[in-house]
Amino acid sequence: MKKLTFTLISLVGSFYATSVWAENAQYTPSDYMMTPETEVALARSAAPNKVSSRATVKILTTSGYKEAVKGDNGFTCIVMRGWSVPFIRKPEYYGKMRAPICYDPVASRTILPYQELCAKLGLAGKDVETINHEVAMAYALGELPKIESVAFAYMWSADQDLGLEAKHWHPHMMVYAPYYTNSMLGDNDPATLAPFVSPDAGTPFAIVIIPVDENQAVKAKMTQPSAH
């Protein structure tokens with residue numbers, strides 16, 4: 001995996017010539033919180049019930065993601081927040097972002113730890129550049145698992161909030177395919193709903209996005225808290 005390590009170190013050097021980063025003071029941890037029941041329901045809406053009803057569900061707390069429901073099929077569902085972007089992008093935080101995603105067993109082992117690190121840094125008020133740097137260093141130092149094989153995630157929720165720019169959203173599969181490029185898929189136009197590669201094409205973090213029929217979108221279903 002020399003290529004991966006070289007890529008990570010190069011990205012760190014090119015993005016961060018200084019050792020000082022501003023902190024994101026626009027939001028506080030409370031801005032990202034949801035009630036546990038609401039977050040579990042929203043997280044489960046990421047995937048078909050056959051998958052999500054047996055998945056582990058983690059919810060965000062002020063100290064990071066914590067397990068709320070123990071599953072038995074190897075999948076893990078969470079609700080991503082504004083810092084949950086591939087680490088070589090640098091968008092502004094969208095504090096209201098609520099993006100349910102359900103990782104397959106491979107992604108639960110390799111992609112979820114990255115999201116958990118981003119969450120801890122985001123909750124600490126770090127800006128995107130600082131998160132990018134910390135994630136890159138964690139990969140380079142072997143503190144995060146390498147993304148060495150294809151993994152999958154569902155993003156089928158009809159109730160997510162990705163911001164105004166996401167008005168053309170469609171339910172879709174996320175296929176984590178290291179080093180994939182659009183040319184490997186035939187240079188498809190995303191507007192045609194054909195599979196395409198995310199802006200991280202050609203990197204270890206490339207994602208193939210495969211839209212599915214709109215009828216597959218899943219509405220969150222609240223369940224009553226257990227009586228004690």
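1. Start with what the second largest pocket is made of. In this predicted model, the residues of its lining split into five nonpolar, five polar and three charged. The volume of this pocket comes to about 250 Å³. Of the 13 residues lining the second largest pocket, those closest to its centre are Arg44, Asn49, Ser52, Lys219 and Lys221. They are a handy set to click on if you want to find the spot in the viewer.

2. Where does the lining come from? Helix H2 (36-44) and helix H3 (49-52) each give at least two residues to the lining of the second largest pocket. H2 has the largest share, with three residues.

3. Next, have a look at a pair of helices. Two packed helices are described by the angle between their axes and the distance between the axes. Here the pair is H5 (residues 112-123) and H6 (residues 128-140), which pack at an angle of about 140 degrees with their axes 10 Å apart. Angles over 145 degrees would count as roughly antiparallel, so H5 and H6 are classed as oblique to each other. The crossing of H5 and H6 is right-handed.

4. Which residues make that contact? On the H5 side they are Tyr114, Leu117, Cys118, Leu121 and Gly122. H6 answers with Ile131, Glu134, Val135, Ala138 and Tyr139. Sorted by class, the contact of H5 with H6 has eight nonpolar residues, one polar and one charged.

5. Last, a glycine in a loop. Gly71 sits in the loop between strand E2 (64-69) and strand E3 (76-80). How far is Gly71 from Ala55, in sequence and in space? The two are 16 residues apart in sequence, yet 4.3 Å apart in space, C-alpha to C-alpha. If you set aside the neighbours within four places in sequence, Gly71 is in contact with Arg54, Ala55 and Thr56.

Technical notes
Residues are numbered from 1 along each chain as its sequence is written. This is a predicted model: local features need pLDDT of at least 70, side-chain atom pairs count only at pLDDT 80 or more; totals for chains, interfaces and linings use all residues. Side-chain values use heavy atoms; hydrogens and water are left out. On a 1 Å grid over the protein atoms alone, a cavity is a set of points where a 1.4 Å probe fits but cannot get out, and a pocket is an open set with protein on both sides within 12 Å along at least five of seven lines; lining residues have an atom within 4 Å of a point. Grid points are joined across faces, edges and corners, and a volume is the space filled by probe spheres set on the points. Helices (H or I, at least four residues) and strands (E, at least two) are DSSP runs, numbered from the N terminus. Ala, Val, Leu, Ile, Met, Phe, Trp, Tyr, Cys and Pro count as nonpolar, Asp, Glu, Lys and Arg as charged, and the others, Gly among them, as polar. Axes are lines fitted to C-alpha atoms, for helices over the stretch in contact, and angles run from 0 to 180 degrees between N-to-C directions. Angles under 35 degrees count as roughly parallel, over 145 as roughly antiparallel, 65 to 115 as roughly perpendicular and the rest as oblique. A crossing is left-handed if the near helix is turned anticlockwise from the far one by less than a right angle, and right-handed if clockwise. Contact means heavy atoms within 4.5 Å.
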